[in-house]
Amino acid sequence: MKKNIALVAGGFTGESVVSLNSTKTVYKNLDKSKYNVYQVIIETEKWYYENENGNAYPVDKNDFSVNVQGEKIKFDCAFIIIHGVPGEDGKLQGYFDMIGLPYTSCDATTSAITMNKGYTKQIVSPVPDLNIARSIQLFSLNNYSRNEVESNLKLPVFVKPNNGGSSIGMSKVNHWVDLDTAVERAFKEGSEVLIEEFISGREFTVGAYTAEGEVKVLPITEIITTKDFFDYEAKYTAGLTNEVTPAELDITIVNKVGEIIQKAYIQLNCKGMVRIDFILKDDRDFYFIEVNTIPGQSENSIIPQQVRAAGLTLEYFYGNLIEEALTAR
């Protein structure tokens, strides 16, 4: 029997555009001989299934089903591809847990924690050989003090929303006089802000996933950008960033990074696919940046690049995520 899969996209933030692009890649590469795939769009005002002809059918939120021309369709698994709220912060996962629907991502607790960059760093800090930059976490603009930041951190610093994605609202501050503006900008994108010291080094990102109960690490990608740092513009504007997959690294470093990534994945109780960003200082010391529990999946996104570099097909990779989710139920 073919499984009914809800490919859940959209979301409540500006990242919904990225989500819809990711959905196209996942939809194209899911094995239609195994799965009936339904694209379900979640927006602030409405949830609906949209078929290939553009016809929309509302979702019954009582059991996440849809009625198509008199036929009630219930789903065996949800493939979540929403970046940001509510797909990456645990809200959607909590809802699916309550109605008993398996899903392909991390659980509600891990999703909620990893959306908070400051909390995530504290949880992974015990992992051997994993370093974290010194930082200060702000919970409101009222408790912000530039003097306190200057006393505890060294320039340059990164200022970013503590629970945002796609580097929206992120700034690099090279002079203390610019800090106030950077903090105000970050608070416009979220209720918490993280200020952390800049670590000089090469920037990398790597995907990890579970297959047959074992944590697998994909080939590493090096991020080389013409901009000062890898911000939203650098991520989504052609020509500003060069992504080298697999990264040119000594095999001993590749193996060491793989061990750190596996341990961080387990430490955070991750499920499905995640992408972990990090800096290598002096091509030796691993500095954790953040973990993305719903990484982008457009045709040229990093995870698809790494899957192909590993000699795997996206059809296998996405199918494995669904089968792992169904097995873990």
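Colleague: Which residues are exposed on the other side of H2?

Modeller: This is a predicted model, in which local features need pLDDT of at least 70 and side-chain atom pairs count only at pLDDT 80 or more, while totals for chains, interfaces and linings use all residues. Residues are numbered from 1 along each chain as its sequence is written, and side-chain values use heavy atoms, with hydrogens and water left out. Helices (H or I, at least four residues) and strands (E, at least two) are DSSP runs numbered from the N terminus, and buried means under 20% relative accessible area, exposed over 50% and partly exposed in between, with a 1.4 Å probe and protein chains only. By these terms, the residues exposed on the other side of H2 are Lys91 and Met98.

Colleague: Within what arc do the buried residues of H2 fall?

Modeller: In H2, the buried residues are Leu92, Gln93, Tyr95 and Phe96. The arc is taken from the directions that lead from the helix axis to the C-beta atoms. Seen down that axis, the buried residues of H2 line one face of the helix, because they fall within an arc of 160 degrees.

Colleague: At about what angle does helix H2 run to E7?

Modeller: Contact means heavy atoms within 4.5 Å, and axes are lines fitted to C-alpha atoms, for helices over the stretch in contact, with angles from 0 to 180 degrees between N-to-C directions. Helix H2 (residues 91-99) lies across E1, E2, E3, E4 and E7, and these strands, together with helix H3 (108-114), are among what covers its buried residues. Relative to E7, helix H2 runs at about 180 degrees.

Colleague: Which strands stand at the edges of the open sheet of seven strands, and why is one side of each left without a neighbour?

Modeller: Two strands pair if DSSP finds at least two bridges between them, and here the open sheet has the order E6-E5-E4-E3-E2-E1-E7 with mixed pairing. Each edge strand has a single partner strand, so one side of each is left without a neighbour in the sheet. The strands at the edges are E6 (71-73) and E7 (77-80).

Colleague: What is the bridge partner of alanine 6 in E7?

Modeller: Strand E1 (residues 3-10) and E7 run parallel and are joined by four bridges. The bridge partner of alanine 6 in E7 is alanine 78.

Colleague: How many residues does the second, separate core have?

Modeller: A nonpolar core is a set of buried Ala, Val, Leu, Ile, Met, Phe, Trp, Tyr and Cys residues joined through side-chain atoms within 4.5 Å. In the largest one, of 47 residues, those that touch the most other members include Val8, Phe79 and Phe317. The second, separate core includes Cys106, Val124, Tyr265 and Phe288, and its number of residues is 26.

Colleague: Where does proline 246 lie, and what is omega for the peptide bond from threonine 245?

Modeller: Proline 246 lies in the loop between strand E16 (241-244) and helix H8 (251-267). Most residues other than glycine have a negative phi, and most peptide bonds are trans. The bond from threonine 245 to proline 246, however, is cis, with omega near -5 degrees.

Colleague: Is glutamine 69 buried or exposed, and what is its relative accessible area?

Modeller: Glutamine 69 is found in the loop between strand E5 (65-68) and E6, and its phi is positive, near 50 degrees, in a residue other than glycine. Glutamine 69 counts as exposed because its relative accessible area is 75%.
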